Amino acid sequence: MAFACKLLQNFLALFILALTVVCVPGEAAFSRFLKFKSASFPNSKYAVDENWFVQRLDHFNGADSRIWKQRYFVNDRFYKPGGPVFLMIGGEGPANPAWMQYGTWLTYAEKFGALCLLLEHRFYGKSHPTKDLSLESLRFLSSRQALADLAHFRTVTAESRGLTSSKWVAFGGSYPGSLAAWFRLKYPHLIHASVATSAPVYATVNFPEYLEVVWRSLAAETPECPLLVKKASDTLIAHLKDPQTYDNVTKDFRLCSKLQIQSDMDSAYLLETLAGSFMDVVQYNEDNRAFEGVVGTNITVKVLCRLMLDSSLGGPYDRFAAVTRLLQDTFSQACTDVQYLHYLQDMSNTSWSGAEAGGGRQWVYQTCTEFGFYQSTDSPNQPFGGFPLPYYLQQCRDIYNLTGSVANAVQQTNEEYGGYDIRTTRIVFPNGSIDPWHALGVTSNITNDLPAVFIKGTAHCANMYPARAEDLPELMLARDQIFLLLQKWLKE
């Protein structure tokens, strides 16, 4: 299933997996956490104030009366009495108020006279339901609790603002895209329609297809590109087996400390981190994310493949290292920390002030307990190697001491929501052909009332970002198609 916008601690840290956006309102990318600066708009006419909603801690235990405050944002600039309410769903990172001023959904809001709301996801950003991120606290973190948050917020807000007769439409991208679809599925009396962008609605433990799409996306730029990446990856893997090469690898990739490989987890973490440069760029290729304050939007698949084909840089391995250094320079990173032990220490910190409290610890927990989504190298039809499924499963044990079956958790998620076989009405599923997450999304019509919009040549959540002159015709057409669907559904 999906999921939403990962360079968390490293400029490429783990999406582990996955996603959002971070694509949308959250500052995390679904399976690859991207660390970006907060957007600021000093010349903006429209200030965005923080609001706080009193939320229940546990929606599924009537005897638990504990409450907490959940952050949300409001834009009533376009609202006309009797108009719809657009609810943007936050994801696996801080809710970004930039979405209250920019984005395609606001174009729709202006045309429909809609009130716009953005609700931050529990346990992310400033929405802290508990005193810490201990395992005892994280048991209240799940998509089911998040959907119940949305339902309670929608009910109380409708009553307090006189919007009970208004039609509510949910928006989300990546993991929040899945939540948008599931909100309509689980609470059809509260949500009239949903736009579920780049939504991986099918949960799966192992997701090697992600890297298969990375291969195809690189090959679409030039067929030789993924072949060179694979040669570079194979060379790097060989170097990791020879301690005599460790000094060179440390220098070539600007590692923060001398390379030490003491376990398979050390090797896998390094390889996954360095592969993440290609994974991140493909996932967000040419997306118009600069308004969010995202750095590095100028680094595209074309740029990566140009470097990989540049023989003046040396062999494929040297070119791979050049890609890493380019991204380090772009993100102003002096070096990359590839020590698995450091990662474990950061991820095991249960404080809200911890290095991974921005979303890393929480999201990886959700992958262990609900979704999987592990982007392994278990397929031969992809360019990387060295981080198989057991590497990800071991992290669930190392970080959280979880001993339960991820496969069982994933099965429960698909039983809860239906996976690909979602059955309801008035949900549109936009996906981009370059986005690796489309492999877990709906890319063809389920029914006439559950249409897919498959956008050739675009990446993660592309239809959600502000329009620009250089957008592909297919992307422009997709935005128009979504508008026409909303126009039709809001009349029903």
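C225 and C305 are both buried, where buried means under 20% relative accessible area, exposed over 50%, and partly exposed in between (1.4 Å probe, protein chains only). These two cysteines form a disulfide, with their sulfur atoms 2.2 Å apart; a disulfide is counted here as a pair of cysteine sulfur atoms within 2.5 Å. The pair links distant parts of the chain, with C225 in helix α6 and C305 in helix α9, 80 residues apart. The torsion about the S-S bond of C225 and C305 is about -90 degrees, so this disulfide is left-handed.

A word on the basis of these values. The model is predicted, so local features need pLDDT of at least 70 and side-chain atom pairs count only at pLDDT 80 or more, while totals for chains, interfaces and linings use all residues. Residues are numbered from 1 along each chain as its sequence is written, and side-chain values use heavy atoms, with hydrogens and water left out. Helices (H or I, at least four residues) and strands (E, at least two) are DSSP runs, numbered from the N terminus.

By the sulfur distance rule, the count comes to three disulfides. A disulfide is a covalent bond between the sulfur atoms of two cysteines. Another of them is formed by C256 and C335, whose sulfur atoms are 2.0 Å apart. Its S-S torsion is about 95 degrees, so the disulfide of C256 and C335 is right-handed. C256 lies in the loop between α7 and α8, and C335 in the loop between α10 and α11 (340–347), so the pair ties together parts that are 79 residues apart in sequence. C256 is partly exposed, at a relative accessible area of 40%, and C335 is partly exposed as well, at 26%.

A disulfide also joins C368 to C396, with an S to S distance of 2.1 Å. The link of C368 and C396 is left-handed, with -90 degrees about the S-S bond. This pair, too, links distant parts of the chain: C368 is in helix α12 (residues 360–371) and C396 in helix α13 (residues 389–400), 28 residues apart. Both C368 and C396 are buried. Another cysteine, C116, is buried with a relative accessible area of 0%.

Next comes helix α10. This helix covers residues 316–330, which makes 15 residues, and reaches 21 Å from its first C-alpha to its last, close to the 21 Å expected at 1.5 Å a residue. The expected span is 1.5 Å times one less than the number of residues in the helix. Which residues of α10 are buried? They are Y317, R319, F320, A321, A322, V323, T324, L327 and Q328. The buried residues of α10 pack against α6 (224–240), α7 (246–252), α8 (264–283) and α9 (301–308), with contact meaning heavy atoms within 4.5 Å. Just after α10, S332 takes a positive phi of about 55 degrees.

Another serine, S198, lies in the loop between β6 (193–197) and β7 (204–206). S198 is buried, with a relative accessible area of 1%. Leaving aside neighbours within four places in sequence, S198 is in contact with S174, P430, N431, D435, A459, H460 and C461. The C-alpha atoms of S198 and G177 are separated by 6.3 Å, and the two residues are 21 residues apart along the chain.

The aromatic rings come next. The structure holds 32 aromatic pairs. Rings of Phe, Tyr and Trp (its six-membered ring) pair if their centres lie within 6.5 Å; planes under 30 degrees apart count as stacked, over 60 as edge-to-face and the rest as tilted. The rings of Y210 and W437 have centres 5.5 Å apart and planes at 70 degrees, so the pair is edge-to-face. Y210 is in helix α5 (residues 209–221) and W437 in the loop between β9 (427–432) and β10 (452–455), 227 residues apart. Y210 and W437 are both buried. Ring pairs link Y210 and W437 into a cluster with Y175, W182, F207, W363, F371, F373 and Y417.

Finally, the whole protein. Its secondary structure comes to 15 helices and 10 strands. Buried residues make up 63% of the 492 residues.
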